[in-house]
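Please look over the structure below with an eye to how its helices pack in pairs. Two packed helices are described by the angle between their axes and the distance between the axes.

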Amino acid sequence: TARAVAAAAAAAAAAAAAVAIVAASRGRRMPARDPTDRACDLHARAMALRDEGRPIPAKRACLRALRLFEDHEGPRHPDVANVLLELAAIEGNLGAYSEGLLLARRALRILAPLRGDVVFDQLRCQALGRIGSLYVARGDYARAREPQARALTIAEKKKLGADDLATALNGLAVVYKYTSRFAEAERLYRRALAITKRVRGARDPEVATILHNLGGLEHSRGRFAKGEPFARRSVAVRQAALGAHHPDVAADVAALAALLGAQGAPAKQREAEALYRRALDVFVRRLGPAHFEVGFNLGQLAALLHVTGRLGEASKLYLRATRVLRRALGPRHPVLALALTNFAAMRAEQGRARDAVVLYRRALAMYRATLGPAHAETRACAFALRGTNKQA
């Protein structure tokens, strides 16, 4: 829906330019341009900038579009909701997940009473999916399920377009992956992949997104070699479409690195290290040194160096990673808990059992608060803590 709005805005801008040229040739003055036309142009530019991996200028353009729509159409107009959803996505790209949630919820409140046009159903579906994905990014997987399931229900019952359906399927599959419902996640991913390939073709970036997620699913299952082909294909498809220095390509590269490093073969570990460093270079340059992706992948690189025996360098990277993640995600996120767990394991191996216990306890509190006591990550952390306590 957002891209359809952008296309319509571009067409309107081209038509307006043509009218201006004709009027000028006849010696007439053009009337002042409608501010909402300018808002449409800014909204389209924001979407283009986000697609290019430039969220900061995208946010500036989106905020200007939002102000124009609010001033000239009112704060509860559907155009306002549409721009709010784009701005929520941009905030998510920047790691500002709570801010993104506020924007997406505001958009949903505007859209909730609107009926009579399929566009409203599409925007509601998009709003619910955006809310769910932002909950996932915050590590709140339990709260992510309901909006993602509602988005899929709307897409199916209202017979929305193939893109809307595939996006909703993929969104719910992500939640299922994080809550260890792996078979259900795979079924939804594969359905989304088949739809997207049919509608967009096999080399579209949206295909790369689902391939990335299938690789991540196999990583979560511990089937690292099986996930590698998905990850390699994801990198190839998205890099061909967006270039080597796009943040989304860097995310695919880092996902491939995780699968390679986990397989344990020295050649694959060396390739993984090079890929992590490549991804980090892009993330730092394009998103800034304090972004979540920087902290997460510093932690992943630290874990790789840890298992390959480079403990001094790994220790420095773990410390950097936890500082960045705490600033980016807050003090109770499961991704921060993962970095602390890995750091604790290294400290235990170094004979620093007391330090390890402190780290394990912090991680366990985070896991219990976010994932619950029965989750596999929580149980694994608790088991490691018990073993380390005996050494301390």
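Predicted model: local features only at pLDDT ≥ 70, side-chain atom pairs only at ≥ 80, totals over all residues.

Residues are numbered from 1 along each chain as its sequence is written, and side-chain values use heavy atoms, with hydrogens and water left out.

**Helices α4 and α5**

- Helix α4 (residues 78–93) packs against helix α5 (residues 97–111) at an angle of about 160°, and their axes lie 8 Å apart; helices here are DSSP runs of H or I with at least four residues, numbered from the N terminus, and axes are lines fitted to C-alpha atoms over the stretch in contact, with angles from 0 to 180 degrees between N-to-C directions.
- The two helices α4 and α5 are therefore roughly antiparallel, a term for angles over 145 degrees.
- In α4, P78, V80, A81, L84, L85, L87, A88, E91 and G92 meet Y97, E99, G100, L103, A104, R106, A107, I110 and L111 of α5, where contact means heavy atoms within 4.5 Å.
- By class, the contact of α4 with α5 has 13 nonpolar, two polar and three charged residues, with Asp, Glu, Lys and Arg counted as charged, Ala, Val, Leu, Ile, Met, Phe, Trp, Tyr, Cys and Pro as nonpolar, and the others, Gly among them, as polar.

**Helices α9 and α10**

- Helix α9 (residues 182–200) and helix α10 (residues 205–220) pack at about 160°, with axes 9 Å apart, which makes α9 roughly antiparallel to α10.

Conventions:
Parallel < 35°, antiparallel > 145°, perpendicular 65-115°, else oblique.
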